[in-house]
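I opened my notebook to look through this model one topic at a time. Here is what I looked up.

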Amino acid sequence: MAVISSTAAIRDLISLMIAHGVTRCVACPGSRNSPIVASLATLPDFECRGATDERSAGFVACGWAARVQAPVAVCVTSGSALLNLHPAVAEAFYRHLPLLIISADRPESWIGQQDGQTLPQPGVFAGLCRMSVQLPEAEDAQWHRNRLINEALLELNHRCGGPVHINIPLSEPLFATTDEPLPTPRIIRRTELARMNADDENELLDIVASCPRRLILLGQLANAAQLPTSLISEKSFSVIGEHLCNTPSAQTRPDFILGPSPEPSFSPDLLITYGGCVISKRLKTLLRQNPPREHWHISEDGTAVDTFCNLTRVIEGDPAELWELLAAFAEEGDEEWAARWYAPTPVPQFPFSAMQIIGDLLQSLTSDSVLHLANSSAVRFAQLFPIPEGVQVECNRGVNGIEGSLSTALGFAMGDTRPQFIICGDLSFFYDMNALWLQGIPAHVRILLINNGGGGIFDFIPTPENPLVNGAHQARACAWAADCGFKTYTVHNESEWQTALTALISPGSAPVLVEAFTDSVNDAQLFKQFNALS
């Protein structure tokens, strides 16, 4: 049994280097990198060569990589040793050589504190490196390290290939060792659809055949995912998403299926994800706590997105190619399990509240409408209700911030002749209220503003009761909207709401803003009660 470093970051790196076939290394002398070099030299999986001068070592690794047409690592100690690799890194970048730079480093807290051999090492090669990552030291950061190492090693041969830098801060003592076997790592692989051959296709189909419970999860999409009908009806793939996936064939209200305490049996054997963010906390918890055997993420540019902490394969390319491959597959899956995802979902009923108002509007939309949702409570409440097929749903879910909701929606609406409906909360509205100052806002714009005197979302999550936390205010919007040319309505009760709803969904000669005043505490109580039962 080889005796190697007991440091978690080193063990994680070495186990994944072996898994990805990066088993050649040029090692340079030094103290900070000694546990890495000694571990690599001890293991029979690795072929190591020594080079004292880092300037030479980098080029030795380049020549080796050019000859074997495979990745080669070069390992250096901390400080200026790393800078001596710069010419070789530049050469590798322009020749597309898969050069892996492994640099040991001092703990981050000592950088810039006049400690020996310290300088800011992450990103030191700037644009001459295809990827640069720094591994976290903490023992409990294993998932983060695993993801970073996988991403870095995948990038060595991605598309045209090139140099990649992995920086490893190491604390003393440096030389603790163990004869424990290396961990069995999670390996993230990449399949490029445009470069697949018959063997690659068979590999994917063999995995599908071994996974009878198959789930396609769609995140935010600008356009509907064009899924072949046979993919669902004949091959027992379940397709779920949320309103933001804009795909009629998907089950778009998964929380109703999962219930307040999702059963682990809902987790699939094979999870295929495509698109942007997912809102449902229940769904995230289910998939993180009950990881599927395989998780493939479709990414047009090959980026590894590991939302559920169990990614096993990046599928790079046009998703239509994968759908076509899967649709031609003859093996059926677990039909009983698949059918659970398509159970009927109820339309919830609420007394006068933010939820009732939003639900009434959503169910009154016409199929040619565009629905714009602000973040925080608005986008979450909207997931409770069905919407007519054909309604396009937009939201700033790239970063999930509250700023810019109005401006983005109005930017979309100008030049689009479809009815435009905007639902936002008060903080989102007042943050972006100058958007109403824009010239030429179309008459078919309709804004529903839920004004509950602060950040209502903070009544749903544990936070201190403090106006500085929840943004408490007494601001009103109608006067400003009227000054900007909007026809305005205020709502305090059911009767006023019905009048305002008619105005929202009726055509007119001016844009409309409805300011609905609700009680945030009451909204929170109703929402929590509903979630406990749903």
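My entries cover the ground rules, the rings, a sheet and one histidine.

**Ground rules.** I am working with a predicted model, where local features need pLDDT of at least 70, side-chain atom pairs count only at pLDDT 80 or more, and totals for chains, interfaces and linings use all residues. Residues are numbered from 1 along each chain as its sequence is written, and side-chain values use heavy atoms, with hydrogens and water left out.

**Rings.** I found 10 aromatic pairs in the structure (rings of Phe, Tyr and Trp, the latter by its six-membered ring, with centres within 6.5 Å). Phe-256, Phe-350, Phe-385 and Phe-530 are linked into a cluster by ring pairs. Over the ring of Phe-256 I noted the charged end of Arg-253, 4.4 Å from the ring centre (the cut-offs are CZ of Arg or NZ of Lys within 6 Å of the centre and within 35 degrees of the normal). Phe-266 has Arg-340 over its face, at 4.0 Å from the ring centre.

**Sheet.** I traced an open sheet of six strands, paired in parallel in the order β9-β14-β13-β12-β10-β11 (strands are DSSP E runs of at least two residues, numbered from the N terminus, and pair through at least two bridges). Its edge strands, β9 (189-192) and β11 (237-240), each pair on one side only. β9 runs parallel to β14 (residues 313-316), joined by four bridges; Arg-190 has Val-314 in β14 as its bridge partner.

**His-492.** I located His-492 in the loop between β19 (487-491) and α19 (494-505). His-492 touches Phe-352 and Phe-517, leaving aside residues up to four places away in sequence (contact means heavy atoms within 4.5 Å).

Definitions and conventions: Rings of Phe, Tyr and Trp (its six-membered ring) pair if their centres lie within 6.5 Å; planes under 30 degrees apart count as stacked, over 60 as edge-to-face and the rest as tilted.
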